[in-house]
Amino acid sequence: MSQRKRAVPASQSKTKRRSQVSLDEDDKDANFSQITSSQVQRARENFTSDQIDRKVAEVVQFILIKDQKKIPIRRADIGKHVIKEYKAIYIEIMNRVCRKFDQVFGLKLVEIDPKNHIYILINKLEPIHGEPVSMRPGNPKTGLLFVILSVIFMKGGVIKENLVWNTLKKLRVDPGEKHEEFGDVKKVVTDEFVRQKYLEYVKIPHTEPVEYEFRWGLRAEKEVSKLKLLKFVGEVWAVLFLLHSPIQLTNLSVTVITSVMKRSLINL
Amino acid sequence: MSPPMGDSHKRFLQTMMSNGIISASQAAALHKHCCETHGAHYVADRLDDFINIINAHLQSLFMHIRKGMSEEDGLEYYALVNVTETDITRMASDYADNELELFRKTMDLIVDSESGSASSTDILNCADSLQTKKLKKKETEHVLSKFVQDKWLNEKDGEYTLSVRCIVEMEQYMRTIYQDLIKVCHVCHNIALQCQMCENPICGIKVHLPCVARYFRARSDPRCPECSEFWPHEIPEIPQSQSQSSQNLPSSSKENTAPTPSRRSRRS
């Protein structure tokens, strides 16, 4: 085989700069609140502005990657994996990170869980239709999610899981079967959407056998415009009404319903 | 100081982030759409100025919207790339260690080859001798299809080539790793994997197929630009600028694009 000259990747020559401020490496998130102003002062003196700029960039990248997978970001993870020895000036770094998200991307870092310090990125730009290139390429599950959010919304914010499954079944999306577009529907709804914080799937206490209920998740609360949802619901209210009536639906009705929903969903 | 980013710029950037790479014609349409949506001053053909504003702001985040040419269809594309990485760590968050190792080995095979491609058989052999963790045949096939789906590789008839996204994103990394061992196009000076070569043993310059098409357009006696020996290879047709297809250059006898090698995007 031919000889290959391999240059050492730059990532390996990055030297870890030990800061004068010694913070416990096993820090959990709690230590963020115990930083003194003298620690902050010393940290500012220890790191050059280039280094701090670099840290800001790394945090932005970290958050973007997590957000791409719709995983909420824990402050503790940012500290452990990215900020590390710069922890004393994390507030300054995070402020600059938030400004970057706003000024460059039009995104907003929002704390959805103030107790555990968990963040998501939400879009400050409105979704619009008629884009030549989609901002959300290839995600059919959005439609599925919106149907469920709508049903929960219309029913007052909490519904028993059976109602969701019955609604979906009437749309020919059976949680028991593998769907050609969504795959394992039950898993998508009860696991994926819940992990992404779009839905909450909670045990109803004192039920035997165990029953669950659905609510809107924290991300849905922040991201989904209730006004837009009302418009969506308004466009299909008759359809949803029909779905929950005791009237037997013929095949034709189901086709009509599905196509009306699909048309409305495209506008979201 | 660079002008601030408007909502039109942010929308463009967000779309780039979700798509990774878009064609030049998509970019032009997107530019128009973003400006019109936010009532920003729009000048057609000033796409590069528009993108330069975005890039000025992306600089401190070590990101960049870079233009590159596809070796397959000769068309230009815009990709959002990281500039910190001197390794393929851009992919690191999406793939396991052994999958990344397989990608590196596939890249080695492709760079080493005359055709600029690697057969699935050869890649399967590599999978069997990975240092991290061996991949079985079915796993390898699955990873390869992921690479294709994520637009890092192209596949045709069992042969794998590096996609335009891969080359635009990783050109720096590849030049560092392979140094003189990687072929470079004599016309546009970018990395050339799928190319034609001058048959003169003391010359041997390489030229991309689309660059050949442009350089030798309508010449009845094509000669090597370096040594003037007869160029024996079939001269492909000039790529259609409207075409979105990734097929080999479609045959079109009427084409307005002038052969201007100086317009080729130089590596910034």
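Modeller: In this predicted model, a residue counts as buried when its relative accessible area is under 20%.

Biologist: Is A:Phe105 buried or exposed?

Modeller: The cut-off for a buried residue is a relative accessible area under 20%. A:Phe105 has a relative accessibility of 0%, and therefore A:Phe105 counts as buried.

Biologist: Which kind of aromatic pair do A:Phe101 and A:Phe105 form?

Modeller: Both residues lie in helix H4 (residues 90–105) of chain A, four residues apart, which is about one turn of the helix. Planes under 30 degrees apart count as stacked and those over 60 as edge-to-face, with the rest taken as tilted. For A:Phe101 and A:Phe105 the centres are 5.9 Å apart and the angle between the planes is 50 degrees, and the pair is tilted.

Biologist: How many residues apart in sequence are the parts that B:Phe216 and B:Trp231 tie together?

Modeller: The ring centres of B:Phe216 and B:Trp231 are 5.4 Å apart with the planes at 40 degrees, so this pair is tilted. B:Phe216 is buried, as is B:Trp231. Both lie in the segment after helix H8 (209–215) of chain B, so the pair ties together parts whose separation in sequence is 15 residues.

Biologist: Over the ring of which residue does the charged end of A:Arg219 sit?

Modeller: A charge sits over a ring if, for Arg, CZ is within 6 Å of the ring centre and within 35 degrees of the ring normal. The charged end of A:Arg219 is 5.7 Å from the centre of the ring it sits over, which belongs to A:Tyr198.

Methods
Residues are numbered from 1 along each chain as its sequence is written. Chains are lettered from A and ligands numbered from 1 in the order in which they are written. This is a predicted model: local features need pLDDT of at least 70, side-chain atom pairs count only at pLDDT 80 or more; totals for chains, interfaces and linings use all residues. Side-chain values use heavy atoms; hydrogens and water are left out. Rings of Phe, Tyr and Trp (its six-membered ring) pair if their centres lie within 6.5 Å; planes under 30 degrees apart count as stacked, over 60 as edge-to-face and the rest as tilted. Helices (H or I, at least four residues) and strands (E, at least two) are DSSP runs, numbered from the N terminus. Buried means under 20% relative accessible area, exposed over 50%, partly exposed in between (1.4 Å probe, protein chains only).
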